[in-house]
Structures are given as C-alpha cells and as structure tokens.
Amino acid sequence: MSKRVTQKLIYAYGFDKAGFSIPTLEIEKDSYQIQLIDFNAQKPLEGADGIIIPSGIFEQTKFWLDRYGHRYGKVDWNPDHLAMRTKQLQHHIREGGWVCFLLGTIDNGNGDQEMKESDLAKVFLNNKFYSVVCHNAKGILQPKVNEFSAYFKKYGISRTTFWSPVNENGLKVLAADGHEISAAEFHGQLFFLPWPEVERSFQELEEILGTCVHAILEYKCRNDLYLPAWVEETKFKKETAISNRLREIESEFTSLQAELKNFQRNKGILTTSGHLLNTIAVDVLRNFFHLNVKSKENYVEDATICDSRDETEYVIEVKGVKGGLKREHVNQVDSHRERLGLGTEVSGLLIINDFMDIDGIEERKKKEFDPAQLKHAENLNIKILRTTTLFETMLKHEENPQRKQVFLKLCRNAKPLVIHDQK
C-alpha cells in the first residue's frame, strides 16, 4: 500500500515571493510531505490536506504623510491572480481541507476597501474580524492551547492583532493579549498564526513549516472528528441535499459579495484622490452610467467620453483636493484637451473631489467655488462636476435605465457647474 495513505500532503504556497531561498520543492517527513509551490506556478491550490501561506505576498504597498500629517497609502496587486487563488482556497476548505495564514504586518491603511482586499491573507482575515490592526512587534502572548506551545515559544511575536469577530461560531482563540487576538482558528480549517521577521534561508523555512504543521496536525488530531473514506462515501439523502444547497449558497454569496464590494468601491469617489480616484471615477462613468469612455493613450488620466460614432464629446480630468476649485485645475483640463489635439468646441469635464478634509456630503456642498474660477472654466468650455453631485446622481438614478441620458443632459446644461436635478 502507498505511503500516501497515512502521510499528510501539505502545500506551502508563495514563500518564494516572501523572499526565501528554495533549493528544493519537497520536504519529506514520516507523517507528512510538504510541497513548496511558487507564487506564479500554474498548479491549483487544491488536492492537499492543508495549505500554509505567508501574508503580504500579493501586494506592494507605499505609504506617505501629507503636509497636514494625514497618512495615505497606495497598493498595487494583481486582482485576477488574487481572485483565482481565493476561489481555489474556498473550494479547498469546502472539501474539508485546512488553510493556515502566517501573519506578518496586515496593514489596512485607513480602512479603504482597496487596502483591505490587496492580499490573500487580508481577504480571509478581514472577512472574519471587523477590527484588524498592525503595530510594532509584540512578544507578549498568552497561549490558550498546548499544541501550539512550541510554535509560540519560537515564533510567537505578533505584528498584527484582531478582535470583534464577524461571527463567533467556530472561533477558537489560540493566543491573545487581553481582548486583542494574536492567533485563532475557525472550525479546525482556517488558522491565523503570528509570523515574525526571520532569516530568509531554506533552513529557517523548513523549521517554520515543520513546527507549524506539527502543531496543526496535533491540534486537529485532538479536536477533529475523523471519518474514514468508507464512512464518508455513504451519504444520507438530506446530507447530499444540504451539501448541494450549500454549494448554491456559496456561489450566490460570492456573487453578491462581489456586487456589494463594487458599490463600496464606487463610494471612493468621495474619499480618494490621485490614481485611485481616477480609476474609480472612470469605472463609475463606464459601468454605472454606461458611457462610452475611452483612453487614447491607455491611461485613465487621459480618458474621454465618446458618442456612438466614437467622436469625442468630453475630455475628462479627475482631481481630489483639500480645498476648492483653482485656476490651475481648469487649465490642466484645457492642456489635456490641447495635448489630445482637440479644440475648445469639445467640452472638458473636470470631476473634482473637493474639500476632502471635510466629513459629510451636506457640509461639503455648503462650500462654494470662487465665481472667477467658474467664469474661467465657462470661457474655456469646461464643465465642473463635483463628486458629491456625481454621488447624489447615482443614488437618485440607481434604478433608472436612462441614467446615461440623464448624466449627459446634466453635463450639457452645466454653466459650467453640473447641478444635480432635484425633480
């Protein structure tokens, strides 16, 4: 009989992206085998008993402070690759496998949805806890279970803590510091363990993985109900029906969750600036208002709205600013239009997220623009669309199949400020 009958198969995914030297793709032990899978490998994350994944391997994040001391972040990642791996892990868990995320610094920034969805560990951790906070390394942990004592003794340094679970069903706290959780598991299938900065050698990686796998297998052996294959193969009729229904619900849940996140992302027109605001604003015009938005230079900063004949109707510029409308903002739209080889007969459209430092839509709407700057915009045939107006138009016409025509009419009637229709 094959050794695989008693030997557990474990995948260790993405540790090459975490900077580890990996001279071999297999670690063989008596009771388990670890297969190391490169971050960009085509191999799906399915078929193993368990999977271990380090945090932070999907994202590249930069942070800075503005002159007011406000902290901003920009994160880059491949959403398609992340979505594929997320789906594979969901299927893996549904089929009875376990996943362990080794958590380094999980930084959600200021809570922007983009920052909360840029890494595989973030997707699962933020889905389980309302509060996830990173901090300086802490070595004070209170272990709650004996099986992880060896792991916590060597690697129990936390840089991320979490609390306020979305649902406490199935939650088991493995280590904590007061009310702040440093390690936890759900239903014996989803584990979150702290992971300190370590030497990126293969010897160190082998030690980390071995200690982690041993702890999880011991824990599951003590706490799991094990049914051999010959028992699992015999199903109750209701059991089969429930399993099929759960698959349907999961598919519907995934679809609804994606739709909900899209609505949340659209709200970013009120909170973001720079490239992210550009991207969200163009998505809103294209996907919410169904406008023919194009970019002749393949950058959203150079987007245009075209008619059915692909003739340019509006040249778009998007700005997020702390204050109000300035002459330079208007001039940038004019320069953009000129760079595209278009004259003033083609309207410019400045979408501006103004007075960003003020909380509340009504409070922002009370702020007025300098009439001289509005006159300057009108002389240059440039329409001014505040994101508060854009957002209110979205709310009012969410279910209106003619919202494209509504948007274009509001822009045509602007003198030069686009006014939200009150009818």
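## Exposure and the salt bridges

A residue counts as exposed when its relative accessible area is over 50%, as buried when that area is under 20%, and as partly exposed in between. Glutamate 197 has a relative accessibility of 57% and is therefore exposed. The structure described here is a predicted model.

The structure contains 17 salt bridges. One of them joins glutamate 197 to arginine 200, with 3.6 Å between the closest N and O atoms. Arginine 200, at 27% relative accessibility, is partly exposed, whereas glutamate 197 is exposed. Arg159, Glu197 and Arg200 are connected in a network of salt bridges.

## Two further salt bridges

Glutamate 239 is paired with lysine 235 in a salt bridge whose closest N and O atoms are 3.8 Å apart. Glutamate 239 has a relative accessible area of 29% and is partly exposed. Lysine 235 is likewise partly exposed, its relative accessibility being 46%.

In the salt bridge between aspartate 307 and arginine 309, the closest N and O atoms lie 3.4 Å apart. Which of the two classes, buried or exposed, applies to aspartate 307? Its relative accessible area is 17%, so aspartate 307 is buried. Arginine 309, with a relative accessible area of 65%, is exposed.

## Aromatic pairs

The count of aromatic pairs comes to 20. Among them is the stacked pair of phenylalanine 101 and phenylalanine 192, with 6.0 Å from centre to centre and 15° between the planes. Phenylalanine 101 belongs to strand 7 (residues 98-103) and phenylalanine 192 to strand 13 (residues 190-194), so this pair ties together parts that are 91 residues apart in sequence. Phenylalanine 101 is buried, at 0% relative accessibility, and phenylalanine 192 is buried with a relative accessible area of 0%.

Tyrosine 151 and phenylalanine 152 form an edge-to-face pair, because their planes stand at 75°; their ring centres are 6.1 Å apart. Both tyrosine 151 and phenylalanine 152 are buried. These two residues also belong to a cluster linked by ring pairs, which consists of Trp98, Phe148, Tyr151, Phe152, Tyr155, Phe191 and Tyr219.

## Charges over rings

Rings also take part in arrangements with charged side chains. The charged end of lysine 128 is placed over the ring of phenylalanine 186, at 4.7 Å from the ring centre. In a second case, the charged end of arginine 403 sits over the ring of phenylalanine 288, and the distance to the ring centre is 4.8 Å.

Threonine 272 is located in the loop that runs between helix 7 (237-266) and helix 8 (274-288). Its relative accessibility is 7%, so threonine 272 counts as buried.

To which backbone atom does the side chain of threonine 272 reach? The side chain of threonine 272 reaches the backbone oxygen of glycine 268, at a distance of 2.6 Å. When its neighbours within four places in sequence are left aside, threonine 272 is in contact with Leu277, Ile280, Gly320, Asn353 and Met356.

Notes. Residues numbered from 1 in each chain as written. Predicted model: local features only at pLDDT ≥ 70, side-chain atom pairs only at ≥ 80, totals over all residues. Heavy atoms only, no water. Helix = DSSP H or I, 4+ residues; strand = E, 2+ residues; numbered from the N terminus. Buried < 20%, exposed > 50% of the residue type's maximum accessible area, 1.4 Å probe, protein only. Polar contact = N/O pair within 3.5 Å; in protein donor to acceptor, adjacent residues only side chain to side chain. Contact = heavy atoms within 4.5 Å. Salt bridge = Lys/Arg side-chain N within 4 Å of Asp/Glu carboxyl O. Phe/Tyr/Trp six-rings, centres within 6.5 Å; stacked < 30°, edge-to-face > 60°. Lys NZ or Arg CZ within 6 Å of the ring centre and 35° of its normal.
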